[in-house]
Amino acid sequence: MSGDGALAWLRREGRIVIVGASLAGLRAAETLRKEGFTGSLTLIGDEPHEPYDRPPLSKQVLLGHATADRTALPRRLALDAHWRLGVAATGLDMAAKRVRLADGDEVEYDRLLIATGVHARPWPHKSEAELDGVFVLRTRDDAARLQRRLAASPRRVLVIGAGFTGSEIASACRERGLPVTVAERGAAPLVGALGGVIGRAAADLQREHGVDLRCGIMVTALEGDAPGRLRRAHLSDGTTIDTDVAVVSLGATRNTEWLAGSGLGAGPRGIACDAGCRAFDVRGIVTDDVFVAGDVARSPHALFGYQFLSLEHWGNAVAQAETAAHNMISSSSERRPHLWVPAFWSAQFGVNIKSVGVPSLGEEVIVAQGSLSDRRFTCVYGYQGRVIAAVAFDQTKWLEFYQRQIESAAPFPPDYPSVDRRPEGLRPVPAEFPDPSLPTHGPSVTVSGYSPTDQRITFVPAHA
Amino acid sequence: MTQATLLRQIIDYSSRADPYPLYAELRKTPVLQEGDDLFVVSTYWEIKSLLHDPRISSDARNLSPSAAGTLLQEEEEASALPPAFLRLDPPEHDRLRRMTMRPFGPPETPRRVHNMRGELARIVSGLIDGFGDRNRIDVVDDFSYPFPVTVICRLLGVPREDEALFHSWADTIAAGLDPDPGQDPGERRRVTQQARTELGKYLSGLIDERSGAPGDDMLSALVTQHGEDGQMTRMELLSTASLLLIAGHETTVNLITNGMLTLLRNPDVLERLRGDPGLALPIVEELLRFEPPVQLLPQRTTLADIDINGVTIPKGASVWLVLASGNRDPQRFPDPDRFDPDRKDNQHLGFGSGIHNCFGAPLARLEAQLALTELARRLNSPRLVEDPPPYRQNAVLRGPRHLNITFDGFHA
């Protein structure tokens, strides 16, 4: 069969399996159908729910403005797919082109898309994690459980970790009028993702909203009572906090355990793939029939020195899924690179935060517009003399401009006057990112080295 | 034809009924220099990028002295009022717009516009009922002109008995924006100025009244708010209220009139709307692309030299962004000269973009949706009396001066 004939056959009656039935999996499936794939389509998801949207879980759902079961993602077209929901994939046989499922079933594929995403990093001490009152927030069920507990007016909520999720949870708790303590190992909230300069603004914001914020501190133990209910947390400065709810927000871990031994280039940092979303095997050779998209992917980005980026961003999941799906059923000359400029947003303590580019690559930062003390500003990050990222607090409409500055490798610091440039915006200052070799839960963009199988940065849970 | 004449042709009244072929000509030079200090931008992506560029100012004080006199003979408002947020940059713009938004939209007042729906529908019904037993009306004078003024009166909380006064001032000020070439310019300025002064005095009195006894209207909220941004000064209140009146009025008149004209030129769409009121949403979006009420933004200037599309616009230059041309850019919209309410991905520039995007957009959308749906539903076989209709002078706020139509009676 000629190459063209094989592709035509694949598009007409091939078998495509998507592991991961969340945002990336759904959007990939829709793209496949939209682009004319008429073969069999199987979606495998470990959760029993149809694909749902996660951003509202830490916002509207925790506030009780929306219920967790009303977060289903809109369907853009009928998929005619086999849904295997509530059953996790447990193994991959690349030679036989088969995915093993938790119920013992096996599913064969001609093309496979892996979009298994991440899971919340659990509290490292199992017995403490099992106490009644200890939560994580990643899934719909997590959100529903936590919302019920918050609605029961606990005396205090302890949020462990002040990354984006932790900060949004703290914000929702304050909006509900609950006393909140936030314990953050770093020097400030959001410091891993946005650096120390904006981190200090975020810290002020939390304290103004009544958060008992404790930075440079670790939670060393969670203590329960005889029936197994959380009662108290012990901190590394020797103090204790009486609390009956603790939300563990220590970032996420890629769902790649099921691929152990498969020969795929998968590890704790994700699954390495090329810019066309094709997965690498452990030898660093790109595969022809296994594709990756969403939070679980690590792919090289031309704008950022071809470094492999792992992005936990809603927009990235959509864009990468669409590219992967297109490439799965296209000839090599019609394939497209995934060149999405990283972007994400957050809403917390009444402020809309948006980021473009890769702030954590930044060496220096300048307040290009507005003022940190007003909590309304646009900060621009520089890396080796070029603009690499921008972050806005309540000034998101300017970011389109800075995205183009990133895309065109515009010089840093900006050498032009602009509206709303204040005295503090005349000089760049160090961006103050924590040493990347130190474990942190924070960054939702991580740059993880140059080679497909480079796993040199790994997370080590905090010591008790 | 030289390019300089092209721009003058666009401004010339003779092209008012159909400037679009001239815009197509204009787009051949996406950034066109006219004289030393004026740059005209006519393609979608270039306009979009400048609307988000922090090196672009809306504050006329940043114009170089030589760029200050433009081709457009804009009436110099010899106004004692400070510039409203439309003509300011951040942070002043942001503060005033934020304070004005607080009683108008989300997050603080998400339901203001939604809650006006019933009242808007009643105003529309009343105006159509007022056609009486006529089978010929002027859509402008009998419908789309009085509608938005009444809406702004209700929004600001102008007492019913004063609405007629308000209408007459609005008429005079609007006429000032739309100079009749036969009229003595000095006299026109005097009359307009007098109307502005009287309106200012009236609003000032209303502000006094509302600060003592606030209602649930927007002016009361603006007068009484004192949050993190402090309070608006009397002068800021007056200039903001005038901005809401003027910016929210003429534009909405044109949106509705252009809408009815376009529907009568596309009877199949009019027929679909009659059967499916839900179609009003995409129809109004397509109208904002196809016949935007604000054709171009002539008030921008550069704070630095800006390189765009191979041209360097020098600092202090006057920049015109021709929204109506960007909306017809074939690089962005396939088959751009076709009116197509089923168009996908219709990210038009009809309301601008960036920090100055139309403040009243949600209200304007709702007004136009309700107005067009009701006209379509109630009028039997409406027909244009003349095509094209006579247009206003104004090249920026472009729209018909009259839109005479006939019909065979109307439904209740």
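Okay, housekeeping. Residues count from 1 along each chain as its sequence is written, and chains are lettered from A and ligands numbered from 1 in the order in which they are written. Since the model is predicted, local features need pLDDT of at least 70, side-chain atom pairs count only at pLDDT 80 or more, and totals for chains, interfaces and linings use all residues, while side-chain values use heavy atoms, with hydrogens and water left out.

How many residues touch? On the domain 1 side 19 residues, on the domain 2 side 16, with contact meaning heavy atoms within 4.5 Å. Together the two domains bury about 1700 Å², 58% of it on carbon and sulfur atoms; that's accessible area (1.4 Å probe) lost on putting the two parts together, summed over both.

Now the charged pairs. There are two salt bridges between these domains, meaning a side-chain nitrogen of Lys or Arg within 4 Å of a carboxyl oxygen of Asp or Glu. Asp295(A) and Arg138(A) form a salt bridge through their side chains, at 3.3 Å, N to O.

And which elements give two or more residues to the domain 1 side? Helix 3 (60-63) and strand 8 (118-120), both being DSSP runs numbered from the N terminus (helices H or I, at least four residues; strands E, at least two). Helix 3 of chain A gives the most, three residues.
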